[in-house]
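Dear colleague,

Please find the structure below, followed by notes on what came out of going through it.

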Amino acid sequence: MLEVTLIYGFINSVILALIALGFSLTFSISGVSNFAYGALFILAGYMVWIFVNLLSIPFAVAAILSVLLTALLGAGLYRFVLLRLRGLVISEVIATFGVGLAILEFFRYLGWTGFEYTLPVFTDGSVMIGNTYIDHQRLWIVGAGTSLAVGLYLFTHYTKVGLAFRGIAQDERTALTLGVNTDRIAGISVAFGAGLAATAAILILPRGTIAVNEGYDVLVNALAVCIIGGLGSTAGVVAASFMLGYAQMFTDSYLGPHWKMIVPLIAILLILAVRPSGLFGKQKELEERI
Amino acid sequence: MLETANLMVFYENALALNDFSMSVQPGQVVAIIGSNSAGKTTLMNTLSGLIIDTKIKEQRKGGERITIYGSVKYDGEDITELYPNERVKRGMVLCRERHPIFPESDLMENLRIAGYLRKRSEVEETIRYFFHLFPTLDRLRMRKAGFLSGGEQQMLALGMALAAKPRLLLLDEPLLGLSPIMQKSLVDAIRTIREETGLTIVITEQFARPILPMIDHGYVIENGMLTLEGSGADLMDNPEVKAAYFGV
């Protein structure tokens, strides 16, 4: 029992990290909030489903296509919705959440639910670790999640665009005086986050069916991870994912699966009450000097 | 190299710059001397294009409160309406007042972010030059910029502007809030930059004494209007300048 919980807790943690990475990239690293994140996640899932089942495109091509299209959609979201609102955080949140609602509820209206709405697994089969069976898809998730987290860290610390992300998150005007086209970089960061949402969806959704409600769960989980980890650090995202991931899995094993969903909500409340800047958050007060 | 003609800037009805004309020749160090609210920062924002960014952002949100008349010419090109990053591409870089840095990044990362438009090798070269200018910062490479002292932050901000490879460097009140010793080392650094690289520099300041000795030409600005101009030596000898801007 404990072994299963530990192993599945690990996998669950990687899934959370995978979900949170894209959201964290746009929201905390480059400072643009995209609350349509969960909707983009589900949309990418449906996109792959349409490509594979209605247009008979091979899965690999469909997957890449949907990542690119979702990223493009993110860029469009920035260009036509967020651009005018930049800097008004509350308006950014409301507008993107509104777009997300529209996308998700559109699929609910279409009535696209049920067992036929599933994505194929990458490879079929399972392996034994100790006495626990793990299917290949979960191994893919762990592999891809780890490499994405490492890749994202390297990207934001060692590439020009990644450094520009970090620049505009800290001080947009200063970035502007150094020649960063802040509007374009912010747009790229939204596109990038959307692409990551799609990647996460393609990896994670094959475990079950594509369901509209999961779009909301994804957003709540991503928010929880970012709030617990503290905004702005990839390391914080990873650490918070593991805390939340294991907390969820232990709750699942010892209290029952229906308690699992309230874990992130309780965690958000606790963190906001005890340490609002998050476990790894920056103590902004100390660093601002004039 | 830089020329403004009859520049006027309104914030709603408030006139921040009034009929301001100046010119900067290549290789010169030019000072803009003025007290608080004289229009120094507005001038710098107009030169660097930051005001265009603010204007566009306001327009997107539905307001229109900034009006600019007159022209800014750089290398003969009219850049009055040019977006700031385009001006940086052309070699015009502003270091804003109050040591603008990225507080959560370490010192080295600040310099690397600042070299966004330049080749990696050029940035590394500037970083070496930066530590040649400010050897005391060498041991603080990994220090978070927000934890540096005010003077060190100002040095870093200057280094960041250099990392953007300017041909014309705009410094908005680089000495603001610094101790006399810090002021001296910054002035020395600016002088060294000028001697070693021949960079063209425009500096704004409230107190003229530390910078007048190294400038070629100075403008005195009051309530957005040009009241006096002349060489550094002329301004040093001018009793009005002495009374108003020497802080005695």
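Among the contacts in chain A between residues at least 6 apart in sequence, 76% join residues at least 24 apart, where two residues are in contact if their C-beta atoms, placed from the backbone, lie within 7 Å. In chain B, 70% of the contacts between residues at least 6 apart in sequence join residues at least 24 apart. Please keep in mind that this is a predicted model, in which local features need pLDDT of at least 70 and side-chain atom pairs count only at pLDDT 80 or more, while totals for chains, interfaces and linings use all residues. Residues are numbered from 1 along each chain as its sequence is written, and chains are lettered from A and ligands numbered from 1 in the order in which they are written.

The secondary structure of chain A comes to 12 helices and two strands, these being DSSP runs numbered from the N terminus (H or I and at least four residues for helices, E and at least two for strands). Along the sequence the pattern is α-α-α-α-β-β-α-α-α-α-α-α-α-α. The radius of gyration of chain A is 19 Å, close to the 19 Å that the globule rule gives for 290 residues, so chain A is as compact as a globular protein of that length; the radius is taken over C-alpha atoms, and the rule is 2.2 Å times the number of residues to the power 0.38. The C-alpha atoms of chain A fill a box of roughly 60 × 45 × 35 Å along the principal axes. Buried residues make up 49% of the 290 residues in chain A, with a residue counted as buried if 20 or more other C-beta atoms lie within 10 Å of its own, exposed if 12 or fewer, and partly exposed in between, the C-beta atoms being placed from the backbone.

Chain B comes to nine helices and 10 strands. A compact globule with 248 residues would have a radius of gyration near 18 Å, and the 18 Å of chain B agrees with this. Its C-alpha atoms fill a box of roughly 50 × 45 × 30 Å, again taken along the principal axes, and 46% of the 248 residues of chain B count as buried.

Turning to helix packing, the axes of α1 (residues 2-29) and α5 (residues 136-158) of chain A come within 8 Å and cross at roughly 30°. Axes here are lines fitted to C-alpha atoms, for helices over the stretch in contact, and angles run from 0 to 180 degrees between N-to-C directions. The two helices α1(A) and α5(A) are therefore roughly parallel to each other, given that angles under 35 degrees count as roughly parallel, over 145 as roughly antiparallel, 65 to 115 as roughly perpendicular and the rest as oblique. The residues of the contact of α1(A) with α5(A) divide into 13 nonpolar, three polar and one charged, where Ala, Val, Leu, Ile, Met, Phe, Trp, Tyr, Cys and Pro count as nonpolar, Asp, Glu, Lys and Arg as charged, and the others, Gly among them, as polar.

One of the residues in α5 of chain A is A:Leu148, which is buried, with 20 other C-beta atoms within 10 Å. Leaving aside its neighbours within four places in sequence, A:Leu148 is in contact with A:Leu18 and A:Leu21.

The axes of α6 (residues 160-170) and α8 (residues 182-204) of chain A come within 10 Å and cross at roughly 105°, which makes α6(A) roughly perpendicular to α8(A). By class, this contact has seven nonpolar, two polar and no charged residues.

The contact between the chains takes 27 residues from chain B and 23 residues from chain A. On the side of chain B that touches chain A, α3(B) gives the most, with four residues, and the residues of that side divide into 14 nonpolar, five polar and eight charged.

Finally, two backbone angles in chain B may deserve a look. Phi of B:Ser37 is near 65°, a positive value in a residue other than glycine, and B:Ser37 lies in the loop between β3 (29-33) and α1 (40-48) of chain B. Phi of B:Lys165 is near 55°, likewise positive in a residue other than glycine. B:Ser37 is exposed, with 12 other C-beta atoms within 10 Å, whereas B:Lys165 counts as buried, with 20 C-beta neighbours inside 10 Å.

With best regards
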